[in-house]
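Subject: Structure handover

Hello,

Please find the structure below, for your files. My notes on what was found in it follow.

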Amino acid sequence: MSEESLYREVEEEVRKEQFKRLWNRFGAYVIGLCLLVIVGVGGYKLWQYFEHQQALNAGQQYVEAMELADQGKVDEAQAAFAKLAESSKTGPRTLAILQEAAIKLARNDVAGAVSAYDSIAADNDASPVLRDLARIRAAYLLVDTAPPAELEQRVGALNAEGNPWRNAAREIIALAAYRTGDLERANELLADIMGDPRASMSSRQRAQIVSALVSGALAAKNAPAARQQPAAGSAAPAASREQAPSTEAPAQSEASTAPTAGQGETTTSPAPAPAESSSSSSE
């Protein structure tokens with residue numbers, strides 16, 4: 001054996017000995033880390049599979065509940081949606097509550113529908129778009145009864161440039177203002193809707209209709225002040241009309257006396273007779 005081969009063999013033995021020491025010292029940690037990675041990846045995949053199965057089951061339950069509603073089995077459909085809302089997670093739960101609110105509204109249970117919409121609006125896990133939709137729907141249901149301050153609290157934050165629900169919020173607040181007599185506020189909000197280039201055609205048409213009513217109410221509100229001035233000017237003609245009969249009275253008397261005069265002529269025609277008689281007597 002050459003000196004070089006002996007040197008390599010010694011160096012290899014030294015490396016093996018160092019590796020053995022490292023393994024004895026950290027081998028358990030390496031095995032534990034590998035097991036942890038395997039368990040973590042396996043658990044994540046298992047969790048994904050479980051979530052997928054839950055989503056499939058929730059979707060199936062939602063479809064079955066919709067079929068019950070389409071078949072007119074309202075009670076069973078409402079119970080199915082309520083069960084789905086309690087057992088499922090955010091997405092299917094929100095959709096189930098929306099359908100449950102629609103069924104309650106179809107039954108004229110406005111308070112129940114508003115409560116359902118409020119539960120969605122208060123759910124921080126729900127989609128922001130669906131939460132805002134729930135606020136708008138609840139506010140529309142309360143627009144004829146709730147105070148303007150409450151509606152402002154519900155949807156006032158949505159009345160901001162760039163918010164897709166801004167014109168719906170403006171319409172709700174404007175209707176409440178019109179209902180309570182705040183015509184200037186209603187007119188201002190309706191003008192904002194009609195002046196919004198991104199407002200939908202239906203929103204603009206509704207705003208134009210309500211704006212016509214508000215303008216009429218404003219005109220009627222301002223009418224008393226405008227009527228006072230013409231009323232003072234119209235007093236003179238009224239007085240002249242009251243005096244008119246006195247000026248017409250002589251004409252009527254003349255007209256009434258005209259036949260009398262005619263009759264007078266017939267009655268006064270014998271007047272010369274006495275003269276003739278006097279002349280005949282003188283003769």
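Serine 211 counts as buried, because its relative accessibility is 10% (buried means under 20% relative accessible area, exposed over 50%, and partly exposed in between, with a 1.4 Å probe and protein chains only). Its place is in helix α9, residues 201-233. Helices here are DSSP runs of H or I with at least four residues, strands are runs of E with at least two, and both are numbered from the N terminus. Apart from neighbours within four places in sequence, serine 211 is in contact with Asn187, Leu190 and Met194, where contact means heavy atoms within 4.5 Å.

**Basis of the model**

The model is predicted: local features need pLDDT of at least 70, side-chain atom pairs count only at pLDDT 80 or more, and totals for chains, interfaces and linings use all residues. Residues are numbered from 1 along each chain as its sequence is written, and side-chain values use heavy atoms, with hydrogens and water left out.

**Overall figures**

The protein has 11 helices and 0 strands, so under the run definitions above the pattern along the sequence is α-α-α-α-α-α-α-α-α-α-α. Of its 283 residues, 24% count as buried. Among contacts between residues at least 6 apart in sequence, 45% join residues at least 24 apart. The accessible surface comes to about 19000 Å², and 58% of this belongs to carbon and sulfur atoms; areas come from the Shrake-Rupley method with a 1.4 Å probe, and for residues only the protein chains shown count as cover.

**α2 and α3**

Helix α2 (residues 74-87) and helix α3 (residues 90-106) have axes that come within 8 Å and cross at roughly 150°. Axes are lines fitted to C-alpha atoms, for helices over the stretch in contact, and angles run from 0 to 180 degrees between N-to-C directions. That angle makes α2 roughly antiparallel to α3 (under 35 degrees counts as roughly parallel, over 145 as roughly antiparallel, 65 to 115 as roughly perpendicular and the rest as oblique). The crossing of α2 past α3 is left-handed, a term for a near helix turned anticlockwise from the far one by less than a right angle, with clockwise being right-handed.

On the α2 side, the contact involves Val74, Ala77, Gln78, Phe81, Ala82, Leu84 and Ala85; on the α3 side, Pro92, Arg93, Ala96, Ile97, Gln99, Glu100, Ile103 and Lys104. By class, this contact has 10 nonpolar, 2 polar and 3 charged residues. Ala, Val, Leu, Ile, Met, Phe, Trp, Tyr, Cys and Pro count as nonpolar, Asp, Glu, Lys and Arg as charged, and the others, Gly among them, as polar.

Asparagine 57 is found in helix α1 (residues 3-70) and counts as partly exposed, at 45% relative accessibility.

**α3 and α4**

The axes of α3 and α4 are 7 Å apart, and the two helices pack at an angle of about 165°. They are therefore roughly antiparallel to each other. α3 passes α4 in a left-handed crossing. From α3, Thr94, Ile97, Leu98, Ala101, Ala102, Lys104 and Leu105 meet Val110, Gly112, Ala113, Ala116, Tyr117, Ser119 and Ile120 from α4. The class count for this contact is 10 nonpolar, 3 polar and 1 charged residues.

Leaving aside neighbours within four places in sequence, lysine 104 is in contact with Gln78, Asp109, Gly112 and Ala113.

The loop between α3 and α4 (110-121) holds asparagine 108. Asparagine 108 is not a glycine, yet has a positive phi of about 65°. At 67% relative accessibility, asparagine 108 counts as exposed.

**α5 and α6**

Helix α5 (residues 128-142) and helix α6 (residues 148-155) cross at roughly 170°, and their axes come within 9 Å. α5 and α6 are therefore roughly antiparallel, and their crossing is left-handed. Arg135, Ile136, Ala138, Ala139 and Leu142 in α5 meet Glu150, Leu151, Arg154 and Val155 in α6. By class, there are 6 nonpolar, no polar and 3 charged residues in the contact of α5 with α6.

Regards
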